[in-house]
Amino acid sequence: MALTILGLSGAVSHDPSAALYIDGKLVAAVEEERFVRDKHAKNRMPYESAKFCLEQAGIKPSDVDVVAIPFAPISILEKARWHYAKRYAYAPDRALDAILLGNRRYKRYYKRIEWCLQQLGFDLKKTKIQPVEHHLAHASSAYHCSGFKEKTAILGIDGKGEYATTFFGYGENGKIHKIKEFYDPDSLGGLYGALTEYLGFDMLDGEFKVMGMAPYGDASKYDFSRLAKFENGELIINTDYVNVIGFRRYKEKGKGYYFSPKLIEWLGPKREGDIADDPYIHYAASIQALFEKLALEMMDYYLGDILRETGKIAFAGGCALNVKLNQKIISRPEVKELFVQPASSDAGTAVGAAAYVSHQRGVPVEKMEHVYLGPEYSNEDVIAACARHESKPQWRKIDNVPELIGKVLADGNPVAWFQGRMEFGPRALGGRSILGCPSVPGVADRINAQIKFRERWRPFCPSMLDTVGPQMFKIDHPAPFMTFTFEVNEEWKTRVPEVVHEDGTSRAQVLKREYNPRYYDLMKELEKLTGNGVALNTSLNRRGEPMICSPTDALNMFYGSDLQYLIMQDILVVKEGAAPYDSLG
C-alpha cells in the first residue's frame, strides 16, 4: 500500500497551503491565496489547496493515511510558555494566558482543520491527524527536501510558531536533532517585522521591500545595536522598542503596531507613501546589517562545528527568504552548500509537516528539484477562458513558442508568460512570469510603470541558462529557486543591466533544462538573438495581488494592465494596436 500524507498549513492564520506526498514523492503543493485571489489568504483554511492536491493525485479523502499539521501543543513543563510569560510580564493578561491557556491557538486551529477536512469529505472518525511542532516542520521542509546525505546543519528563523522563533539543529540519516530554540519575544523575524511596519509596509509581506531598500542606504549612519543582542548563547530583543504587545504598542488611526512610541521618539515619524529617502533608506540598511550580524553570530555559535565538519546547511522559516543573508552564508569558507526551502514562509510548513511524518513512518522523501507543483491548463482550457472573457480576446495558436516569444522580447516588449504547472512559493520561476529582455535599456522601468506599479527601488531578477550562471557570478553555487543574491561580474553588469541591483548583485534563478524545457528553450532563443541567455523575470501579478493561477486570472490581469502580449501554453493573445508578429521574418 502506498503511504499517502496530506500536509495542511494555516496555523498562524496566514499563508495557508496544502501539500501531498505519496510514497515520498511530492505530487502537489499549492497556496490557498492563488485560488481565492487574496494575498496571504489571512484567516482562511487551505480548502481549495487540499481539494486540488487530491484531484491532482486522483485520490479520495479515504485514500489519505495521515493529515500532518505544522502546529502542536506545547507542554506547561517546557521552558517556552514560561519564557514568554516572564518576558511579556508588562502585559500580565497575555503572560497569564500563556501559562494557563497556552495551547488555545493550537486547539482553535485543530478545530478549524477538522472543519476543513469535513468540508472536503473526510470522515473524522477514520482520519489520523498528526501535529508536528511548527519549527520542526520548517526544519523538515529544509533538511528533508535538501537531498543532503551528509550530516547537515539546520537553521530555522521566523516570526514565531507556537512559541519558538529560532531553531538550531542537525539532520543525520533522515532524523532531525534539536540543539537549541529561542522563544518569543526573542525573535529576529519579529525585530525585522517591527521595522518593516515602521518603514511603512505590512509585516509578513513587506520585509523583502525593506531588504530591497537597504542597498540605497548607509548602515553606518545609525547604530541599531540597542534593539537586540546575542550574548552567552542567547538572543535578547529589546522589548522597550520592538516586538511589543498590549499597551506598549504605538497606535495610529486605531491600529496597533509591533513597535513602541519609544522607537518613534528615537527615529522620528514612521515612513508613509512610496518614496524611499533619507533617513529611511539608512534605517533599512541598519536593520538589514543588524539582522545579518546577529543571524551569522547565532549560526556560528550553534552550528559552526557541524559546518566545519561537512559544510552542508539547510535553512527555512520566513527569514530564509532574506537573500542578502543567504549570500553572506554561502560566502563563508566553511559552507560548501546551502539549501533554502523555496517556500520558506509558513506555506512551506505543509510540505515540512508531511515530509516529517513520512520519514517517521520509514518513507524518505525525494529531493526538491523544482517547484512546479500547482495546477496546469491545456490549450483547450485557455481557449475556453478566452471565449468566456468579457474583453473578447483575439487569440491564435502558434507552433514555435520559444522562437516567436524570443523575438517579441528581443524587440523590447514585456510578455506575460503562462506555461505548465504553477509554482509553489513566492517566486515566479518561469511558470507564471512577466518576462523582459534584460539588455534592453529601460525595460524594467517600463514593466514597473505599465504593469507592476512597484516601489521603484525594488529589483527585478534574472532567470538564466545553467551555462550562464558560472560566467555571470563571482561564486558558483546551485540556485534553482531565486533564494540567493550573487555578485555580478563586471562584464555582465553592462550586458544585462536591467537585472542588476543597486549593490551590484542579482537574485538569480539558474535553470536546468529538464525542469522547465520550454522556458529554457526561450532563453536559448534570447541567447541567439542578443548574445545573453538571460531573461528578466518577475511574477505574473499586479501589486498587492497573489500570483496568477488560472487562464481567467491571467486574462483579468492582462486587460487590467498595459501589457501587449500574453502567451498561455501555445495560445498567443495580442492587444489591438500591438505588432502582430505573424511570422518570424
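Me: Which hand does the crossing have where H10 passes H11?
Reply: H10 passes H11 in a right-handed crossing. Right-handed means the near helix is turned clockwise from the far one by less than a right angle, left-handed that it is turned anticlockwise. Before we go on, this is a predicted model, where local features need pLDDT of at least 70 and side-chain atom pairs count only at pLDDT 80 or more, while totals for chains, interfaces and linings use all residues. Residues are numbered from 1 along each chain as its sequence is written, and side-chain values use heavy atoms, with hydrogens and water left out.

Me: What about the angle between H10 and H11?
Reply: Helix H10 (residues 280–310) and helix H11 (residues 323–330) pack at about 40°, and their axes are 10 Å apart. That makes H10 oblique to H11. For the labels, under 35 degrees is roughly parallel, over 145 roughly antiparallel, 65 to 115 roughly perpendicular, and the rest oblique. Axes are lines fitted to C-alpha atoms, for helices over the stretch in contact, and angles run from 0 to 180 degrees between N-to-C directions. Helices (H or I, at least four residues) and strands (E, at least two) are DSSP runs, numbered from the N terminus.

Me: Which residues make the contact?
Reply: H10 brings Gln288, Phe291, Glu292, Ala295, Leu296 and Met299, and H11 brings Lys324, Leu325, Lys328 and Ile329. Contact here is heavy atoms within 4.5 Å. By class, the contact of H10 with H11 has 6 nonpolar, 1 polar and 3 charged residues. Ala, Val, Leu, Ile, Met, Phe, Trp, Tyr, Cys and Pro count as nonpolar, Asp, Glu, Lys and Arg as charged, and the others, Gly among them, as polar.

Me: OK, H3 and H4: how do they lie to each other?
Reply: The axes of helix H3 (residues 79–87) and helix H4 (residues 92–100) come within 8 Å and cross at roughly 170°. H3 and H4 are therefore roughly antiparallel to each other. Arg81, Trp82, Tyr84 and Ala85 of H3 meet Arg94, Ala95, Ala98, Ile99 and Leu100 of H4. That contact divides into 7 nonpolar, no polar and 2 charged residues.

Me: Switching topic. How many cavities of 30 Å³ or more are there?
Reply: There are 2 cavities of 30 Å³ or more. On a 1 Å grid over the protein atoms alone, a cavity is a set of points where a 1.4 Å probe fits but cannot get out; a pocket is an open set with protein on both sides within 12 Å along at least five of seven lines, and lining residues have an atom within 4 Å of a point. Grid points are joined across faces, edges and corners, and a volume is the space filled by probe spheres set on the points.

Me: What lines the largest cavity?
Reply: Ile74, Glu78, Ala80, Glu133, Glu162, Tyr163, Ala164, Glu181 and Tyr183 do. The space in there is about 60 Å³, and the lining has 5 nonpolar, no polar and 4 charged residues.

Me: And what is the volume of the second largest pocket?
Reply: About 460 Å³. Its lining has 31 residues, and Pro478, Ala479, Pro480, Val510 and Lys512 lie nearest the centre.

Me: Which element gives the largest share of that lining?
Reply: E14, with 4 residues. By class, the second largest pocket's lining has 19 nonpolar, 6 polar and 6 charged residues.
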